[in-house]
Amino acid sequence: MRCLRLVLLALLPSVALAQDASLDTTAVPADSLALPADSAAVLSDSARAVVDSAAVAALTDTTTTVAAVLGEGVGVDLFGRTLFEVWGGLGDLSVEARADRLSARLGEFARASELAPDALRIVEGQTLTSIQAGTWIVMSVTEEDARGLGMSRQEAAVFYRQQIVDGVERHREQATLRGLLRSAALTVGLLIVLIAALRALGWAFAWMDRRTAAARRLLVRPVRIGTFEVVGRDQVSRMGRAVAGLARLALSLVLVYVFLTTAFGLFPWTQTWSENLLDAALTPLRQLGTLLVESVDNVIAILVIVLVVRWAIRISDYLFQQIETGEVHLNGFHADLADPTRKIAKFFLVVIGLVLVYPYTPIANSIAFQGLTVFFGLLISLGSSSAISNMVAGVVLTYTRAFRVGDRVKVGDTFGDVVEKTFLVTRIRTPKNEDISVPNATVLSNHIVNYSVMAREGSGVILHTTVTLGYDLPWPDAHRLLIQAAKDTAGVEAEPPPFVLQTSLGDFSVAYQLNAYTREVTRMARLYSDLHQHIQDRFAEAEVEILSPVYHARRDGPSTVPDVVAVQNARARAQATAPVLPSDGADLAPPPDEAAGA
């Protein structure tokens with residue numbers, strides 16, 4: 001039975017051709033349309049039913065059809081304009097290859113002016129419905145096409161025929177002289193509208209810029225991080241104008257894009273360009289929409305994580321602010337550690353949030369992004385060792401409470417007041433009003449002298465200075481004068497009282513060290529100056545000589561310094577009596593003969 005069907009399939013085309021030749025003598029030659037093999041045969045209506053059955057039986061093992069659940073349809077185009085979609089393959093052709101062949105066949109049909117679109121007729125078969133122009137099969141409608149449209153096969157054939165008729169008539173209308181002139185006039189009108197729209201857009205943005213100039217001066221604020229101004233007011237204003245300029249450019253490009261797609265669609269030769277432009281714009285939007293739809297669950301998870309982290313940060317800030325203000329007390333935790341601890345906790349909460357969010361982002365499975373993260377991680381690990389050491393040192397300095405902002409300190413050779421304390425550097429302002437940035441690693445590796453701690457928590461810092469006085473001055477008088485000078489100095493504490501130490505007994509004088517307490521450590525240079533002035537005044541009033549400069553006196557006995565003239569005469573006599581030798585006698589070598597005799 002299968003062999004009989006194959007024989008019928010081979011013999012019937014020739015019989016049908018002979019019959020149809022007598023019925024339709026105006027048929028276009030087969031090679032003029034270059035139709036595909038699956039529809040090049042010209043058959044009568046009575047013969048098509050038999051051939052249809054035989055073709056289906058013969059192609060049972062090789063026919064490519066859609067799956068039980070239909071996928072997306074494939075568009076069939078006429079010179080770049082999509083007319084309809086098909087869902088099923090035919091014979092050995094896949095649905096994509098079938099759509100391409102149908103597009104080429106419809107193009108040939110549209111260019112064949114002798115074939116009228118209204119002459120298309122529908123021919124029913126057992127499993128296929130054909131759309132024919134005379135005896136030429138333009139398209140075959142399958143059951144898969146009908147299910148894709150949600151219609152019966154006959155209704156689908158009517159729908160396809162109408163789409164073909166409308167598309168071909170529209171193309172032929174546009175290809176006529178009248179159609180071309182109308183398309184050209186529409187294009188000129190669209191161009192005028194485009195130019196007017198671009199001018200109106202430019203005028204609108206210029207008007208908005210003038211009207212918002214005064215508001216920008218009043219409302220725009222600089223961007224600050226703490227006390228540091230990151231972006232100034234003028235820069236923020238320029239950035240806003242730049243954003244407005246980008247918006248204007250984007251709207252202008254949209255208008256130009258709409259004009260080009262519309263103008264290209266008016267001419268039959270450029271309709272493909274119009275379709276390509278539309279696809280270029282719509283494809284990314286469709287992909288973005290698909291990505292958003294597929295990522296709804298991930299977006300919800302990210303929002304939940306962001307909300308949880310945000311509330312955790314708020315709770316942490318509130319708790320540490322309570323500790324800083326003294327409303328909450330924790331044993332062993334000082335209030336001045338609350339603010340840096342709050343910042344550290346906030347940093348770790350943000351990092352934890354980023355780690356939790358990362359698996360839900362589209363770049364989580366990107367091999368390229370993973371490679372970039374490894375590369376930048378390697379760069380950071382190799383190039384930021386000093387920065388990391390400074391950050392660790394900053395944390396250590398914070399929790400050891402070595403100093404705080406406002407303290408008078410000495411770090412190595414740097415002396416002054418701490419004006420800023422960060423995780424990377426400590427800024428110290430010297431008494432000469434110089435700001436010095438010292439890396440925290442350097443601060444941690446040096447001895448730190450904090451003058452403000454004892455002034456704040458103890459009896460104060462001791463100012464000390466040394467004065468040398470003669471042995472002829474009784475030491476109680478020296479003590480009395482020095483202590484009185486300290487008491488006269490404003491800023492010196494009365495309790496504990498000043499005291500004097502005798503630090504050394506020199507060859508010519510006695511060294512007295514005056515010690516006085518003060519809490520005004522930020523005025524130490526001025527206090528030393530005032531203290532020295534009062535010492536000079538007190539000793540001048542008591543007519544006591546300060547022997548800090550050492551005096552030398554010549555004695556009345558004979559001098560041990562030799563006479564210069566006598567030395568010169570002795571040198572002259574020694575030179576006159578000395579033998580004349582070519583070299584020093586100790587280095588003179590014996591004559592050669594004496595050396596040989598020896």
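**Figure 1. Surroundings of Met 139 in the predicted model.** Leaving out residues up to four places away in sequence, Met 139 touches Phe 84, Val 86, Arg 98, Leu 102, Arg 105, Thr 129, Ser 130, Ile 131, Tyr 160 and Ile 164. The structure shown here and in the following views is a predicted model. Met 139 is also listed, together with Phe 84, Val 86, Tyr 160 and Ile 164, among the residues with the most contacts inside the largest nonpolar core, which has 28 residues. Two or more residues of this core come from each of strand 1 (74-78), strand 2 (81-86), helix 4, strand 4, strand 5 and helix 6 (153-175). A second, separate core has 18 residues, including Ala 478, Leu 481, Leu 514 and Val 544. In soluble globular proteins, nonpolar side chains tend to be buried together.

Figure 2. Is strand 5 buried or exposed? Six of the six residues of strand 5 are buried, so this strand is largely enclosed by the rest of the structure.

Figure 3. Five bridges hold the antiparallel pairing of strand 4 (residues 129-133) with strand 5. Thr 129 has Val 141 of strand 5 as its bridge partner, and Ala 133 has Trp 136 of strand 5. Two residues lie between the strands of this hairpin, in which Gly 134 takes a positive phi near 70°.

**Figure 4. Aromatic rings around Tyr 160.** One aromatic cluster is formed by Phe 84, Phe 159 and Tyr 160. The count for the model comes to five aromatic pairs. In the pair of Phe 159 and Tyr 160, the ring centres are 5.7 Å apart and the planes stand at 55°, an arrangement described as tilted. The label follows because planes under 30 degrees apart count as stacked, over 60 as edge-to-face and the rest as tilted. Which of the two residues is buried, and which is partly exposed? Tyr 160 is buried, with a relative accessible area of 0%, whereas Phe 159 counts as partly exposed at 27% relative accessibility.

**Figure 5. Charged side chains over aromatic rings.** Arg 314 lies over the face of Trp 311, at 5.2 Å from the ring centre. In another part of this view, the charged end of Lys 421 sits over the ring of Phe 403, 5.2 Å from the centre of that ring.

**Figure 6. Leu 201 and its contacts.** Leu 201 belongs to helix 7 (residues 177-211) and is buried, with a relative accessible area of 14%. Which residues does Leu 201 contact, leaving aside its neighbours within four places in sequence? The contacts are with Arg 248, Leu 251 and Ser 252. From C-alpha to C-alpha, Leu 201 and Arg 248 are 7.3 Å apart in space, although 47 residues apart in sequence.

Figure 7. In the loop between helix 17 (475-488) and strand 14 (499-505) is Pro 496, which is joined to Glu 495 by a cis peptide bond with omega of about -10°. Asn 433 is placed in the loop between strand 10 (425-429) and strand 11 (435-439). The phi of Asn 433 is near 65°, a positive value in a residue other than glycine, and Asn 433 is exposed, with a relative accessible area of 60%. Glu 543 is found in the loop between helix 18 (524-541) and helix 19 (564-577). This residue has a positive phi of about 55° although it is not a glycine, and Glu 543 counts as exposed at 75% relative accessibility.

Notes:
Residues numbered from 1 in each chain as written. Predicted model: local features only at pLDDT ≥ 70, side-chain atom pairs only at ≥ 80, totals over all residues. Heavy atoms only, no water. Phe/Tyr/Trp six-rings, centres within 6.5 Å; stacked < 30°, edge-to-face > 60°. Buried < 20%, exposed > 50% of the residue type's maximum accessible area, 1.4 Å probe, protein only. Lys NZ or Arg CZ within 6 Å of the ring centre and 35° of its normal. Pairing = 2+ DSSP bridges. Helix = DSSP H or I, 4+ residues; strand = E, 2+ residues; numbered from the N terminus. Contact = heavy atoms within 4.5 Å. Core = buried A, V, L, I, M, F, W, Y, C linked by side-chain atoms within 4.5 Å.
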